[in-house]
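User: Hi! I am new to this structure and would like to learn how to read its features. Could you walk me through a few?

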Amino acid sequence: MLETTRCILNKLTQEDYEEVKRLYSSEEVRRFLGGAVEEVYYNKSFNAMINHKEQEYFWTARTKINNEFIGLISLDRYHNGIDIELSY
């Protein structure tokens with residue numbers, strides 16, 4: 001767990017499935033990422049995040065005051081398979 005004055009970052013868990021799914025299903029959120037994804041693609045992506053490789057990290061961001069889900073943060077391999085990408 002990482003903590004700031006206003007937020008808490010926790011390791012992604014299976015319990016975060018529905019909240020993260022809302023991000024992947026949102027046209028607005030996914031506007032520059034190819035659009036909202038189908039549930040089959042999301043299931044594969046979420047399972048890959050939960051069962052990630054070494055040196056890949058996935059966290060949820062929540063407000064400290066009421067534990068509201070505000071996003072997903074990741075450090076994982078870029079599409080080229082070499083570089084590490086920070087996503088939020």
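Analyst: Happy to. Please keep in mind that this is a predicted model. Let us start with a pair of helices: α1 covers residues 17-25 and α2 covers residues 39-50, and they pack with their axes 11 Å apart at an angle of about 125 degrees.

User: How do I put that into words: are α1 and α2 parallel, antiparallel, perpendicular or oblique to each other?

Analyst: Compare the angle with the cut-offs. Roughly perpendicular runs from 65 to 115 degrees and roughly antiparallel begins over 145. The angle here is about 125 degrees, so α1 and α2 are oblique to each other. Their crossing is right-handed.

User: Which residues in α1 and α2 meet?

Analyst: From α1, Tyr17, Val20, Lys21 and Tyr24 take part. On the α2 side they meet Glu39, Tyr42, Asn43, Ser45, Phe46 and Met49.

User: Next, backbone angles. What should I look for in phi?

Analyst: Most residues other than glycine have a negative phi. With that in mind, turn to Gln55, whose phi is positive, near 65 degrees. Asn67 is not a glycine either, and its phi is also positive, at about 65 degrees.

User: Where do Gln55 and Asn67 sit?

Analyst: Gln55 is in the loop between α2 and β3, the strand of residues 57-63. Asn67 is in the loop between β3 and β4.

User: How far is Lys53 from Gln14?

Analyst: Their C-alpha atoms are separated by 16 Å, and the two residues are 39 apart along the chain.

User: Last one: how do I read a charged residue such as Asp76?

Analyst: Ask where it lies, whether it is buried, and what surrounds it. Asp76 belongs to strand β4, residues 69-77. Asp76 is buried yet has no salt bridge.

User: Which side chain of opposite charge is nearest to Asp76, and what is Asp76 in contact with?

Analyst: The nearest one is Arg77, 9.0 Å away; a salt bridge needs the charged atoms within 4 Å. Leaving aside neighbours within four places in sequence, Asp76 is in contact with Glu56, Phe58, Asp83, Ile84 and Glu85.

Notes: Residues are numbered from 1 along each chain as its sequence is written. This is a predicted model: local features need pLDDT of at least 70, side-chain atom pairs count only at pLDDT 80 or more; totals for chains, interfaces and linings use all residues. Side-chain values use heavy atoms; hydrogens and water are left out. Helices (H or I, at least four residues) and strands (E, at least two) are DSSP runs, numbered from the N terminus. Buried means under 20% relative accessible area, exposed over 50%, partly exposed in between (1.4 Å probe, protein chains only). Lys and Arg count as positive and Asp and Glu as negative; His and the chain ends are not counted. Contact means heavy atoms within 4.5 Å. Axes are lines fitted to C-alpha atoms, for helices over the stretch in contact, and angles run from 0 to 180 degrees between N-to-C directions. Angles under 35 degrees count as roughly parallel, over 145 as roughly antiparallel, 65 to 115 as roughly perpendicular and the rest as oblique. A crossing is left-handed if the near helix is turned anticlockwise from the far one by less than a right angle, and right-handed if clockwise.
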